[in-house]
Amino acid sequence: MTFDLILFYIFGAILLGAALAMISVRNPVHAALFLVLAFFAAAAIWLLAEAEFLAIVLVLVYVGAVMVLFLFVVMMLDINLARLREGFAELLPAGLVVAAAMATVLTLVITRFIVMDVPERAGADYANTEALGAILYTEYVYPFEIAAVILLVAIIAAIALTMRRRPDTKYIDPARQIRVRRQDRVRLVSMPSSPEVSEKDRSE
Amino acid sequence: MFDWIMESFYSLPVVMQILFKITLIVAPLMLAVAYTTYAERKVIGYIQVRIGPNRVGPRGWLQPIADAVKLLTKEVIVPTNANRFLFLSAPVLAIAPALAAWAVIPFDDGMVLADINAGLLYLLALTSLGVYGIIIAGWASNSKYALLGALRSAAQIVSYEIAMGFALVGVIMAAGSLNVGEIVLAQQGSIYHWFLLPLFPLFLVYFISGVAETNRAPFDVAEGESEIVAGFHVEYSGMAFAVFFLAEYANMILISALTALLFFGGWLSPFEGLLPESVFAWPVLGWFLDSGVHWFLLKTAFFLFLFLWFRATFPRYRYDQIMRLGWKVLIPVTILWLFVLGVLVFLKVGPWFA
């Protein structure tokens, strides 16, 4: 058993354990943190397969950004566990059917690929980032660009769905605030400093 | 003598060699962190026409040691109903990425712990992990103020990371490599070859985002003491509290070091290519004027000083102003400059891209 293989089994065990814990723990914040651990283990396995770009980007995008926002939302939610478990018995048959369907599909997919030779070790000068870039911008340039456009549409849609003008809030626009000049706010009034009060003022 | 030391070093097992190198990086780093706190109090003191710490040791030089001893001997209090495991692991999660990032920092040509070819990506990934320490600390404390501070800080770090990432994309485009050492070597030639000139807007964006990422003034709303007492670390005491500070200062030094490496030529001397070669052969002055690790440390110290200067100069930003600066000013600037950079690289505008 080589050192690589031992590491693979260790990280594989962590990945499976974290994934199981993620779906079984009660506290949603703990579940999110177990998902983070699962991502780390997956990244480590990718590193072992010399796919350092994918490994680092998994940590950067999913752990560094997506899961932070996930935690952000989960921490703000006041989740009532008793209400969540309501109707568990009635929905169980439907859930089991979905689970069975998923399990079948996954087994079909995995058994097609699982028996695979161990890939050849690339040389020391192999750079995963360069190798990925080279095929992504030549052979797969159209799928890549289509994916980019779909993502862009998703971004715009998400912003359009959540942005609503609410005239009742007292929101201050910082852009307008910092553009303020002195003459917008300060008015210098010249007041005569004579002690006598005029006739007109006295009559009032 | 020197040969003998090197020979016995290379005869050690590889794990021992790596551990020895890690010690060589982390021990001076921790010392630098301790003395950055001292420098901060002194610099801000002089800016505010005070003397600053001056009681412990000559000129207060032992102040950081006294602070460390004080914090070490204090009790670590875990609040009731706090999640004990997460509460105590949050400081570790804050400091671990700040230290691990130093593995790919080259101090001189070839003087680097791990010379990996995805170095910049690794740095970006690790700096984005520091937020976990803050967010977990805020949640595990079981305190409203801590949670609010954590949420503020998480939103801020995630927002500024985008601008930071785009600024780094510019550096990658200019250098044509993800390896930090090669990025520095791409700036070789003279002071005009440094990426400061072609990437000037990206340098500004990077440094501003760096200040925001480390939650330093003027972007320190995460700890805004007038609003939420101290933010995410309000429930921490003793060494657990100190570790958050170590992480913050280690991150400041890291951002300063990265700015020096990516935009200011790292260990390259500013006199390179300006003075005749014979000057560098002079006994002591020549060594100083030539490229070397001392230039890297000097540049890092300069940016570290800027952090302290900012803190003494600028009033704190309001939260919505921080968000506006990040999303509506810095990100458009980076995207625009990436287009300009693309044109510059395509037309091979010299001396940088020739």
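In which loop of chain B is Val49(B) found? In this predicted model, Val49(B) is placed in the loop that runs between helix 2 (14–47) and helix 3 (63–73) of chain B. Although Val49(B) is not a glycine, its phi is positive, at about 55°. With a relative accessibility of 77%, Val49(B) counts as exposed, because the cut-off for that class is over 50%. Arg59(B) is likewise assigned to the loop between helix 2 and helix 3 of chain B, and its phi, near 55°, is again a positive value in a residue other than glycine. The relative accessibility of Arg59(B) is 59%, and this residue therefore counts as exposed.

For Phe263(B), when neighbours within four places in sequence are left aside, the residues in contact are Val171(B), Gln187(B), Trp194(B), Phe195(B), Leu196(B), Leu199(B), Leu202(B), Phe203(B) and Tyr206(B).

The packing of two helices of chain B was examined next. The axes of helix 6 (residues 144–175) and helix 8 (residues 200–213) of chain B come within 9 Å and cross at roughly 150°; since angles over 145 degrees count as roughly antiparallel, helix 6 and helix 8 of chain B are therefore roughly antiparallel to each other. The crossing of these two helices of chain B is left-handed. On the side of helix 6 of chain B, the contact is formed by Gln156(B), Ile157(B), Tyr160(B), Glu161(B), Ala163(B), Met164(B), Ala167(B), Leu168(B) and Gly170(B), while helix 8 of chain B contributes Leu202(B), Val205(B), Tyr206(B), Ser209(B), Gly210(B), Ala212(B) and Glu213(B). By residue class, the contact between helix 6 and helix 8 of chain B divides into ten nonpolar, four polar and two charged residues. Leu202(B) and Tyr206(B), which take part in this contact from helix 8 of chain B, are also among the residues in contact with Phe263(B).

For chain A, the assignment gives ten helices and zero strands, and the order of elements from the N terminus on is α-α-α-α-α-α-α-α-α-α. Of the 204 residues in chain A, 17% are buried. Among the contacts in chain A that join residues at least 6 apart in sequence, 61% link residues at least 24 apart.

Technical notes
Residues are numbered from 1 along each chain as its sequence is written. Chains are lettered from A and ligands numbered from 1 in the order in which they are written. This is a predicted model: local features need pLDDT of at least 70, side-chain atom pairs count only at pLDDT 80 or more; totals for chains, interfaces and linings use all residues. Side-chain values use heavy atoms; hydrogens and water are left out. Contact means heavy atoms within 4.5 Å. Axes are lines fitted to C-alpha atoms, for helices over the stretch in contact, and angles run from 0 to 180 degrees between N-to-C directions. Helices (H or I, at least four residues) and strands (E, at least two) are DSSP runs, numbered from the N terminus. Angles under 35 degrees count as roughly parallel, over 145 as roughly antiparallel, 65 to 115 as roughly perpendicular and the rest as oblique. A crossing is left-handed if the near helix is turned anticlockwise from the far one by less than a right angle, and right-handed if clockwise. Ala, Val, Leu, Ile, Met, Phe, Trp, Tyr, Cys and Pro count as nonpolar, Asp, Glu, Lys and Arg as charged, and the others, Gly among them, as polar. Buried means under 20% relative accessible area, exposed over 50%, partly exposed in between (1.4 Å probe, protein chains only).
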